[in-house]
Amino acid sequence: MRNGKTHIVLENRFRKVIQKDKNIQNAYMLIHSEKQGIHVNMAEGSTGSIPAHPEQPYFIASIDKLFTSVLIGSLEEQGKLSYEDAIASYLDSELLHNLHIYKGKDYTNEIKIKHLLNHTSGLFGDGLEKSKHGTSMMDLLLDESPHSWTPHYIIQWSKENLTSHFPPGKGFYYSDTGYYLLILIIEKITSKPYHEVLKQSLFQPLEMNQTYMIQHSEPVIKKEYPVADCFLHNKNVTQDIRLGMDEAGGRIVATTEDLLKFMKALVCYKLLRKESMEKMKDWAKFFIGIDYGFGIMNFKHIPLLMPKRYSVWGNAGSNGSFMFYHPELDAYFIGSLNHFKYQRKGIMLMFKMIIFLLKRNPNKSI
């Protein structure tokens, strides 16, 4: 399914962007559009002495929030929960004790599942948020490995060291803590560990044979390519992530081809019904031109601020990972720069490719 000239241009543009930034040690990108006959899977850089390979798995970071939200959506379809349910109906009172204190008032019992999904709960914790002692969870992760930061541990640490930001439903604050709570809700309802639910509900049915959670599961088919190195401030933190993070914290690894399988299934309503997908569009304002629904980032057109050509939806991670669908082009853009705090650069790389594809399609608006 390769358009020869387009393939060459896309690959050259990708390599030029990556080689220009000396901080990027390895990078991956897949662009797929059946309608346009494009399937380009690219890799640049290396992991140690091993050249980067398009089939190499990498840490997907917060892309996995879309996995979590799809699992919650499936439980909602089955009638096992409602987005309007209070989280107190599913979680232990000890875990919830003093969870959400804002200006002296306890709002814990007012938090609903939907608030966790679109980051409107007011809860703390995006991994980089500084505590009253000036440290973040990421700082402690790098200092304290191999300590295992389980969801329970992270929630307890956050309660003791961070503060809530507003009452539930009254604002937007990106909260990893909220997704740890969602994972615990999934485990409570299914009576299974989160990694097993992922495997049985997503990875196996979609034949995502290279996707798994490190230290919890193994890929269905093992290949010779190691997990790509990931960096923070030019320090290789791959081992720290392996040992210290858990569940929604970042231990899921996948290949671009596996993530394409997931996104195609989601777009084609093979994971959730159309009406369920509509429910997930309960948008909250993330940034100007970017809304956040139930695990979904949506780039929307705003005159003079966000051009229509960048209208995509999907999710992205703080390590420069991205997984988006462009409806107008009917194209998927998936990849990672494997460098924390490079989220914006990952998005900008995607935008460069979108512009090129739109220009080669005179019938498409830009």
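A cavity is, on a 1 Å grid over the protein atoms alone, a set of points where a 1.4 Å probe fits but cannot get out, and lining residues have an atom within 4 Å of a point. Grid points are joined across faces, edges and corners, and a volume is the space filled by probe spheres set on the points.

The structure on display is a predicted model, in which local features need pLDDT of at least 70 and side-chain atom pairs count only at pLDDT 80 or more, whereas totals for chains, interfaces and linings use all residues. Residues are numbered from 1 along each chain as its sequence is written, and side-chain values use heavy atoms, with hydrogens and water left out.

**Stop 1: the cavity**

A search of the whole structure for cavities of 30 Å³ or more returns one. The largest cavity has a volume of about 60 Å³. To display its lining, select Lys199, Phe203, Gln204, Met208, Thr211, Tyr212, Ser217, Glu218 and Val220. By class, four of these residues are nonpolar, three polar and two charged. In this scheme Ala, Val, Leu, Ile, Met, Phe, Trp, Tyr, Cys and Pro count as nonpolar, Asp, Glu, Lys and Arg as charged, and the others, Gly among them, as polar.

**Stop 2: the three-stranded sheet**

Strands (E, at least two residues) and helices (H or I, at least four) are DSSP runs numbered from the N terminus, and two strands pair if DSSP finds at least two bridges between them. Select E4, E10 and E7: these three strands form an open sheet in the order E4-E10-E7, with antiparallel pairing. Strand E4 (58–59) and strand E7 (212–213) are at the edges with a single partner strand each, so one side of each has no neighbour in the sheet.

Next, centre the view on valine 253, which belongs to strand E10 (residues 252–254). Is valine 253 buried or exposed? Its relative accessible area is 0%, so valine 253 is buried (buried means under 20% relative accessible area, exposed over 50%, partly exposed in between, with a 1.4 Å probe and protein chains only). Across the two bridges that join E4 and E10 in the antiparallel sense, valine 253 is the bridge partner of phenylalanine 59. Setting aside neighbours within four places in sequence, the contacts (heavy atoms within 4.5 Å) of valine 253 are Pro57, Tyr58, Phe59, Ile60, Gln210, Thr211, Tyr212, Ile214 and Val227. A C-alpha to C-alpha distance drawn from valine 253 to glutamine 56 reads 9.6 Å, although the two are 197 residues apart in sequence.

**Stop 3: the nine-stranded sheet**

Now display the open sheet of nine strands, ordered E3-E2-E1-E16-E15-E14-E13-E12-E11 and paired antiparallel. Its edge strands are E3 (50–51) and E11 (284–287), each pairing on one side only.

Select strand E1 (residues 26–33): eight of its eight residues are buried, so the strand is largely enclosed by the rest of the structure. One side carries Asn26, Tyr28, Leu30 and His32, the other Ala27, Met29, Ile31 and Ser33, and all are buried.

E1 runs antiparallel to E2 and is joined to it by eight bridges, among them that of leucine 30 with asparagine 41. The two strands form a hairpin with four residues between them, and glycine 37 in the turn has a positive phi of about 70 degrees. Towards strand E16 (residues 331–336), E1 has five bridges, again antiparallel; tyrosine 28 is the bridge partner of serine 336.

**Stop 4: salt bridges**

With a salt bridge defined as a side-chain nitrogen of Lys or Arg within 4 Å of a carboxyl oxygen of Asp or Glu, the count is 15. Select lysine 264 and glutamate 34, whose closest N and O atoms are 2.8 Å apart. Lysine 264 lies in helix H10 (residues 256–267) and glutamate 34 in the loop between E1 and E2, so the pair ties together parts 230 residues apart in sequence. Both residues are partly exposed, lysine 264 at 25% and glutamate 34 at 47% relative accessible area.

Move on to glutamate 76 and lysine 279, which form a salt bridge at 2.8 Å, N to O. Since glutamate 76 is in helix H2 (residues 64–77) and lysine 279 in helix H11 (residues 274–279), the pair ties together parts 203 residues apart in sequence. Glutamate 76 is buried at 15%, whereas lysine 279 is partly exposed at 40%.

Definitions and conventions: 1 Å grid on protein atoms, 1.4 Å probe; cavity = no way out; pocket = protein on both sides within 12 Å on 5 of 7 lines; lining within 4 Å.
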